[in-house]
Amino acid sequence: MLAMNYRGPQRVRIDEKPEPKILHPQDAIVRVTRSCICGSDLHLYNGNVPDTRVGMTFGHEFIGEVIEIGSEIQKLKVGDMVIVPFNIACGKCHFCKQGLFGNCHESNSQATAVGGIFGYSHTAGGYDGGQAEYVRVPYADVGPTVIPPGMDPDDAVLLTDVVPTGYQAAEMGGIQKGDTVVIFGAGPIGIMAARCSWLFGAGRVIVIDKVEYRLEFVRNYANCEAYNYEEMDDPVVFVKKTTDWMGADVVIDAVGAEATGNVMQTITGRKLLLQAGSATAAHWAVNSVKKGGIVSIVGIYGPTDNLFPLGNVVNKGITIRANQASVKRLLPRLIDHVQNGILNPKALITHRVPLEDVADAYHIFSEKLDNCIKPVMIPPSAR
Ligand SMILES: NC(=O)c1ccc[n+]([C@@H]2O[C@H](COP(=O)([O-])OP(=O)(O)OC[C@H]3O[C@@H](n4cnc5c(N)ncnc54)[C@H](O)[C@@H]3O)[C@@H](O)[C@H]2O)c1
Ligand SMILES: [Zn+2]
Ligand SMILES: [Zn+2]
């Protein structure tokens, strides 16, 4: 089959790989019909995530058709078209039972923090991902959810990650009616977090990035304010000034390890890899939230350490909430929101490319070329 193949930092290509097989009675094999590239893939692409092995296929955002099931599968049927959450979850462990499907204790034997994730290095279980024609889906009766009839596949594929992550970013912010919410990052996740902040009662939503076309996009899509941090002396002072020097009620970090904006963080976090990515947005979030406020972090940092202003967290009495999104927990509500027109995720898709052009798609998304917000790749059998 055709599959994306990681060859080393900033080097990916399309290759022939063996088709996946059922390895466990609870597996299914899915024929991929859409897969996306995510900001999370850029951490792998840029070599920021340890134990990202040459030969791995990335891709944790995909939908497709079930073509084979293991002997213990009861709910899923061959022929079902499914949304596959990016987290791999057993559904039965202590954490899954609490709805913490991103922290499953069974699906990632390598770690005690994150659960398994498709195509996300051996620190997240070493599973091959969905930027391919076929993919093996473990615990297939747990995560995969049948796409409701009539749902546009472009909406469905964004329910695997972007919509739940943006929604959970706002949810973890504990937004109260009238709150001012500041979001660092105007990628797909920041854009969706901005849109969802209104659903929780925000009174004012401000997005900060440096890529002008993304600021323009989020202003229109999420009906919010959007500003370029490269035009500010200091983004923290900017946020304080615009909130009567109080700070924002809630600040969301939707940037993660690839952050720019602070030379020291960029050199230590991205060039020398002395820390697990640049923590610039996390810094700005802690310093621009009000005393007693909430910082919600969905931006991803690699294991294990970052330079982080812990003293300010303590002295300001800040609550920090963070996690990988718990996609399965949120799916029923978010499918409703898409079907009722409350959320329109497919508007984020700016690029539809053949799977064979995976290297170009990574380059365009990574370098923010051609007004790219979100690329979706379509394998030959789905075209
Ligand atoms: N927690 C989860 O479950 C989860 C799920 C999906 C994605 N993520 C993470 O969310 C983050 C965003 O994902 P995405 O797909 O939107 O990525 P993206 O790379 O498309 O967007 C990131 C944006 O941040 C901007 N940026 C860089 N430095 C900044 C700074 N200092 N302040 C403000 N903006 C800055 C970039 O210009 C870019 O537009 C990534 O870290 C990704 O790994 C987390
Ligand atoms: Zn993703
Ligand atoms: Zn579990």
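Helices (H or I, at least four residues) and strands (E, at least two) are DSSP runs, numbered from the N terminus. Keep that in mind for every element name below.

This is a predicted model: local features need pLDDT of at least 70, side-chain atom pairs count only at pLDDT 80 or more, and totals for chains, interfaces and linings use all residues. Residues are numbered from 1 along each chain as its sequence is written, while chains are lettered from A and ligands numbered from 1 in the order in which they are written.

**Stop 1: Tyr 139**

Select Tyr 139. It is found in the loop between β8 (134-137) and β9 (145-146). Look at the backbone: phi of Tyr 139 is near 45°, a positive value in a residue other than glycine. Most residues other than glycine have a negative phi. Is Tyr 139 buried or exposed? Tyr 139 is buried, with 22 other C-beta atoms within 10 Å. The cut-offs are these: buried needs 20 or more other C-beta atoms within 10 Å of the residue's own, exposed means 12 or fewer, and partly exposed is in between, with C-beta atoms placed from the backbone.

**Stop 2: Asn 371**

Jump to Asn 371. This residue lies in the loop between α12 (358-366) and β17 (374-378). Phi of Asn 371 is also positive, near 55°. Asn 371 counts as partly exposed, with 14 C-beta neighbours inside 10 Å.

**Stop 3: α5 and α6**

Select residues 188-199 for helix α5 and residues 212-222 for helix α6. The two pack at an angle of about 25°, with their axes 9 Å apart. Axes are lines fitted to C-alpha atoms, for helices over the stretch in contact, and angles run from 0 to 180 degrees between N-to-C directions. That angle makes α5 roughly parallel to α6 (under 35 degrees; over 145 is roughly antiparallel, 65 to 115 roughly perpendicular, the rest oblique).

Now show the contact residues. From α5, pick Ile 191, Ala 194 and Arg 195; from α6, pick Phe 217, Val 218, Tyr 221 and Ala 222. Two residues are in contact if their C-beta atoms, placed from the backbone, lie within 7 Å.

**Stop 4: the two domains**

Zoom out. Colour domain 1 (2-161 + 326-382) and domain 2 (163-322). These bounds come from an automatic or database domain assignment. Taken over C-alpha atoms, the domain centres are separated by 25 Å. How many residues of domain 1 are in contact with domain 2? There are 25, and they touch 22 residues of domain 2. On the domain 1 side, select α1 (39-45) and α11 (327-339), the elements that give two or more residues.
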